[in-house]
Amino acid sequence: MATTSEDVWRLLAELATAQAELTAAQKETDKQLKEVSQQQKKTDKQLKELGQQIGGLGAKFGSFTEGLALPSMEKILRQRFGMEVVSPSVRASKEGQHLEIDVLAYTNGELNTAYIVEVKSHARQEDITQLKSILQRFRRFFPEHKDKKLYGILAAVHLSPELREKILQEGLYVARIHDQVFELDIPDNFQPRLY
């Protein structure tokens with residue numbers, strides 16, 4: 001079958017039409033990709049804002065938990081342990097290092113003792129490590145208390161029985177919330193670790 005010039009021109013016209021359709025389709029795809037990219041940027045911005053809001057809520061919930069714990073922990077520290085000074089939210093800085101304590105309680109005189117209370121809404125294994133680190137660094141930040149006996153208390157709203165046992169094994173006091181009041185949750189024969 002012989003190809004005529006009309007066939008060639010018809011094929012070229014079809015090719016030109018197909019090329020135009022392909023170009024239009026590519027432009028439409030590019031437009032859609034640009035819209036998707038803009039939508040993705042908008043979604044990323046919303047996710048970032050949501051993350052900041054959630055972080056803020058977490059901090060507020062932590063402050064709420066600390067506020068909830070303070071009255072009952074203050075009562076325990078004063079009545080059970082004889083502490084004269086109970087200070088919430090103590091922050092210290094020294095040589096570019098920082099130490100933050102949820103509750104610091106101490107007394108001078110015959111007892112000459114200090115307690116550091118770490119308050120958590122949901123206690124986790126790393127909270128034990130954090131409290132022990134605070135206890136070990138305490139005297140460097142507060143040399144005026146260097147001769148005091150030092151103990152740690154982990155106060156938690158939610159705490160698994162397994163984690164409670166680990167905390168006690170580390171020689172740390174455990175306080176849990178009961179009827180909206182924090183109470184010590186330790187066995188009768190508990191021996192706290194002196195730091």
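View 1. A residue counts as buried when its relative accessible area is under 20%. In this predicted model, Ser72 has a relative accessible area of 9%, so Ser72 is buried. You will find Ser72 in helix α1, which covers residues 5–80. Setting aside residues up to four places away in sequence, Ser72 touches Val181 and Phe182.

**View 2. The whole chain, for orientation.** Read from the N terminus, the elements follow the order α-β-β-β-α-β-α-β-β. Of the 195 residues in the chain, 32% are buried. The chain exposes about 12,900 Å², and carbon and sulfur atoms supply 53% of that area. Take the contacts between residues at least 6 apart in sequence: 52% of them join residues at least 24 apart.

View 3. Let us pick out Ile101: beyond residues up to four places away in sequence, Ile101 touches Ser89, Val90, Ile116, Val117, Ile134, Phe138 and Phe142.

**View 4. The β2–β3 hairpin.** Strand β2 (residues 97–107) pairs with β3 in the antiparallel sense, over five bridges. Ala105 stands opposite Tyr115 in β3. The two strands, β2 and β3, form a hairpin with five residues between them. Have a look at Gly109 in the turn, where phi is positive, at about 65 degrees.

**View 5. Strand β3 and its parallel partner β4.** Strand β3 spans residues 113–122, and nine of its 10 residues are buried, so this strand is largely enclosed by the rest of the structure. In a regular strand, side chains alternate between the two faces of the sheet. β3 and β4 pair in the parallel sense over nine bridges. Here Lys120 stands opposite Ala156 in β4. Together, β3, α2 and β4 make a right-handed β-α-β unit.

**View 6. His145 in the loop between α2 and β4.** Our last stop is His145, found in the loop that lies between α2 (125–141) and β4 (149–158). His145 has a relative accessible area of 7%, so His145 is buried. Leaving aside neighbours within four places in sequence, His145 is in contact with Tyr106, Phe138 and Arg139.

Technical notes
Residues are numbered from 1 along each chain as its sequence is written. This is a predicted model: local features need pLDDT of at least 70, side-chain atom pairs count only at pLDDT 80 or more; totals for chains, interfaces and linings use all residues. Side-chain values use heavy atoms; hydrogens and water are left out. Contact means heavy atoms within 4.5 Å. Helices (H or I, at least four residues) and strands (E, at least two) are DSSP runs, numbered from the N terminus. Buried means under 20% relative accessible area, exposed over 50%, partly exposed in between (1.4 Å probe, protein chains only). Two strands pair if DSSP finds at least two bridges between them. A crossover is right-handed if, with the strands pointing away from the viewer, the path from the first strand over the helix to the second runs clockwise. Accessible areas come from the Shrake-Rupley method with a 1.4 Å probe; for residues, only the protein chains shown count as cover.
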